[in-house]
Amino acid sequence: MPFCLVGDSQNAGDAGGDNAIRIYYRTYGRGSIKVLLITGFAGTHASWGLQTQALTGTRTPNDDDSGEDGDGGGNGAVEACTFDNRGMGQSSIPTKRSEYTTKSMAKDAIALMDHLGWRKAHIVGHSMGAMIACKLAAIVPDRVQSLALLNVTGGGFECFPKLDRKTLSISIRFLKAKTPEQRAAVDLDTHYTEGSDDCSDSKILRRLKLIQCEYLEEFIGPNTRREILYQEYVKRISSTGMQTNHGFEGQINACWTHKMTRAELKLICTAGFLISVIHENLSELPWIHRYDVIAQLHHARRLAEKLQPCAKMIELHGGHLVSHERTEEVNQALLELINASETKISLHDWTNLSKETSGWLFPWMSCGGTDADGGSSQCFLLSILGKLYLFILYLFGLFMLAQEHGRRALRRHIKPVKIESPHHMT
């Protein structure tokens, strides 16, 4: 089976020791253009099947090729690699939470590139995989030809989903899921959008509702897409096994501790490769009551603005797994990015972000000046204030949620007392 051995803690030494991390991977297609796809939290290499098909022309791994000439399948232009991050699938599962950071996982990906003999590659990441991709680009910017970030956030508090009853319900179900069937049901509700029943009666909006809102309920033959995907999810989870507690807690730690420093972002921007930030945007569809429940759009926009002038912001109608719900559009965006990079298109012609955008979450959080030593104390202070503001919003959301549940609990337990009128009393 194809494994890449990574030395313990990425120290220089024998990568084949007892403490080596084993990274399971598959390659697809044959070609001079290399594409490395990094999966998200609790995902496996199989998550990228729809993208490897579009990029390489085949979903058959190279080591499964039966052709005697050894050329394998594909379009002959692109070779793609997908892999299981540490803590998931057939890769190693370290027991220490400290062994899971986006930096260490980025070094896993770099070691895999070395193992494959890839000097450079186009890097694609989804969710946690996009965080890992950012770290990889900052560590070895000279080895990145382009960078695609799908449903990305900046880590830390930005990993918290938008607080509402539906999200809370999904979170509780996710933590309680103990079987592939339970996990598959939760994943469907997490990955895809869902429409409400208050759509407009107009013909155009009802048609849009069928396209945008009822993705899981649309019939594919005799069955709904939800039923088909449910069986596929159960089969996939059963084949790889449920994620262990060590892997779950470790990857959570990687997301929580992830942060891109100003120096790292500068390294990426200075390298000058093209970047696409791809995310959902359903704000213009009023009948959608749920969207990307994990990664909020404004965090992705903020990151794209910080990556000027290299970044293009692409907003699609879809949920957290936009690569599956809007497969054609995402694949087209990836191919466009790769082709633009290969033809050396200029950054000016690539970006669709205005020069006035500041890269901050709120307009008044702009960095207007530096201190006498050329530093950026004002920017640092505003960064702290921004994070404090987000933290206060999060606490306020928790307080309001707890207050609402407390009020409902009191209504259930306090029974009304019947008081007889005076003329009935003797």
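Modeller: A residue is buried when its relative accessible area is under 20%, exposed when it is over 50%, and partly exposed in between (1.4 Å probe, protein chains only). This is a predicted model, in which local features need pLDDT of at least 70, side-chain atom pairs count only at pLDDT 80 or more, and totals for chains, interfaces and linings use all residues. Residues are numbered from 1 along each chain as its sequence is written, and side-chain values use heavy atoms, with hydrogens and water left out.

Biologist: What makes strand S3 mostly covered?

Modeller: Strands (E, at least two residues) are DSSP runs numbered from the N terminus, as are helices (H or I, at least four). In S3, residues 33-38, six of the six residues are buried. Ile 33, Val 35 and Leu 37 are buried on one side, and Lys 34, Leu 36 and Ile 38 on the other.

Biologist: Why is S3 said to pair with S4 and S5?

Modeller: Two strands pair if DSSP finds at least two bridges between them. Six bridges join S3 to S4 (residues 78-83) and four join S3 to S5 (residues 121-126), so both meet the definition. Each of these strands runs parallel to S3. Lys 34 stands opposite Glu 79 in S4, while Ile 38 has Gly 125 as its bridge partner in S5.

Biologist: What makes a set of residues a nonpolar core?

Modeller: Its members are buried Ala, Val, Leu, Ile, Met, Phe, Trp, Tyr and Cys residues joined through side-chain atoms within 4.5 Å. The largest such core has 52 residues, and Leu 36 is among those touching the most other members. Helix H3 (residues 128-139) gives the largest share, nine residues.
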